[in-house]
Each structure stands twice: as structure tokens, then as C-alpha cells.
Amino acid sequence: MQLLKPSSGTAQAMAAARCPLLVLCLLLIICNAADAELTHLHFYFHEVDAGTPNATVVNVASLHRNSSTFGDVNVFDNALREGSDPASRLIGRAQGLGVHASLDESGGLTAINFVFSDYGAYSGSTLATLGHISASGPSERSIVGGTGELRFARGYMTSRLLSSTDTSIVVVFDMYFTLNH
């Protein structure tokens, strides 16, 4: 039995036939990405320290070695508000954890679900975020997904400390993302 080898002309024709399909797929991807509208959300995170009435953050693991916080894990369920005033309208909760993951204590890792309860079209929806938080200034983290009206969200968020007391902090968040439904 003799195997037939395709001629070089046949191989070139097959490659040329695949090329328009590849170009068409790339154009569809680019057009779909171009249609995705950038959404911006702006709100405030209100945290009440552990050991105070109505605490919204608690340290669940601490090694307490050499007075370092490296390895500490905090879990939180903080209020998301429309404004920086603690009496401003409650729009949801920031539920997640923070890990002191930097040996020099310059920052850590956060995983946060932003759960919107009273935020217009986004009520009942969530955004999931992950990334490094800086101890010394503004931070930028990834938006890695969402649910409800925010399903398939992808983007980034910035945060910075707005105010701090002995018992609470207020952080301002700006989220920028697209929805690829």
C-alpha cells in the first residue's frame, strides 16, 4: 500500500483556506471587545475595628512572632456606602479576607466580594476582586468576575484610605470594568 503525500500546492491551498477563518475569528474577538462599554462605580468602604461594638473585621489567625504581622489573616464584612459619612446610604457589603503576605509589612493580599443590596440596576449582583493592597498608599487590584447583572465582569479597581481613627477606617473605591455577556 502506498501513502499519498499531498503536493506542496495542496498544502498551500489548505493553509490559505484556514487563513480567512483565522482572520474572521480575530475580527469577531476584536469587534466584541470594542463593543464592551467601560463601567465606573464609585463608593466608600466603612470598617469598624475588632474589639469595638459592631466590629466588621476580625483577626482569625496570627503568629505573633517578633511583633511582625506577617502571616496574619483578617476576615471582614464591611459596609459599602454611597458617601464617606457613616450615615450615608448603605448600598451593600464588602465581604472577604486580607492576608499579611509581605515580609516587610508593606502590603498584603485581599480577596473581596462586593455584594450590592441597594445599588440601582446592580442590586442583588456581586463583583469579585483579588490582588495586592499597599500599606503605604493607593492600591490597584483586579476585578475577576461577578454575578447577576455584573456576570463576566473584568477590569480593575483602585482604592485609597480616606480617613482613619483609632476604631474605624473609610476607604474610597473606584471600579472600572467591562461586561462581556
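Is Gly155 buried, partly exposed or exposed? Gly155 is partly exposed, at a relative accessible area of 30%. Buried means under 20% relative accessible area, exposed means over 50%, and partly exposed lies in between (1.4 Å probe, protein chains only).

The model is predicted: local features need pLDDT of at least 70, side-chain atom pairs count only at pLDDT 80 or more, and totals for chains, interfaces and linings use all residues. Residues are numbered from 1 along each chain as its sequence is written, and side-chain values use heavy atoms, with hydrogens and water left out.

View 1. Along the sequence the order is α-β-β-β-β-β-β-β-β-β. Helices (H or I, at least four residues) and strands (E, at least two) are DSSP runs, numbered from the N terminus. Of the 181 residues, 30% are buried. Among contacts between residues at least 6 apart in sequence, 45% join residues at least 24 apart. A contact means heavy atoms within 4.5 Å. The accessible surface is about 11,200 Å², and carbon and sulfur atoms account for 60% of that surface. Areas come from the Shrake-Rupley method with a 1.4 Å probe; for residues, only the protein chains shown count as cover.

**View 2. Gly155 sits in strand S8.** Leaving aside residues up to four places away in sequence, Gly155 touches Arg141, Ser142, Ile143, Tyr176 and Phe177. Gly155 and Arg141 are 14 residues apart in sequence. Their C-alpha atoms are 8.7 Å apart in space.

**View 3. The largest nonpolar core has 22 residues.** Such a core is a set of buried Ala, Val, Leu, Ile, Met, Phe, Trp, Tyr and Cys residues joined through side-chain atoms within 4.5 Å. Leu41, Phe43, Phe114, Phe116, Leu127 and Met175 have the most contacts inside this core. At least two core residues come from each of strand S1 (39-48), strand S3 (73-81), S4, strand S5 (107-116), S8 and S9. S9 gives the largest share, four residues.

**View 4. Phe116 is buried, at 1% relative accessibility.** Its contacts, not counting residues up to four places away in sequence, include Leu41, Phe43, Leu80, Ile91, Tyr122, Leu127 and Leu150. Phe116 also belongs to one aromatic cluster with Phe43, Phe45, Phe76, Phe114, Tyr119, Tyr122 and Phe173.

**View 5. The whole structure contains ten aromatic pairs.** Rings of Phe, Tyr and Trp (its six-membered ring) pair if their centres lie within 6.5 Å; planes under 30 degrees apart count as stacked, over 60 as edge-to-face and the rest as tilted. Phe116 and Tyr119 are stacked, 5.2 Å centre to centre with 20° between the planes. Tyr119 is buried, with a relative accessible area of 15%. Tyr156 and Tyr176 have ring centres 5.1 Å apart and planes at 25°, so this pair is stacked too. Tyr156 lies in strand S8 (residues 153-164) and Tyr176 in strand S9 (residues 168-179), so the pair ties together parts 20 residues apart in sequence. Tyr156 is partly exposed at 34% relative accessibility, and Tyr176 is partly exposed at 22%.

**View 6. Val58, Val60, Val75 and Leu97 form a nonpolar surface patch.** Together they have about 290 Å² of accessible area. Like charges are joined within 9 Å, nonpolar side chains (Val, Leu, Ile, Met, Phe, Trp, Tyr) within 5 Å. Leu97 is in strand S4 (residues 90-99). Leu97 is partly exposed, at 34% relative accessible area.

How values were computed:
Patch = residues over 30% accessible without salt bridge, like charges linked within 9 Å, V, L, I, M, F, W, Y side chains within 5 Å. Salt bridge = Lys/Arg side-chain N within 4 Å of Asp/Glu carboxyl O.
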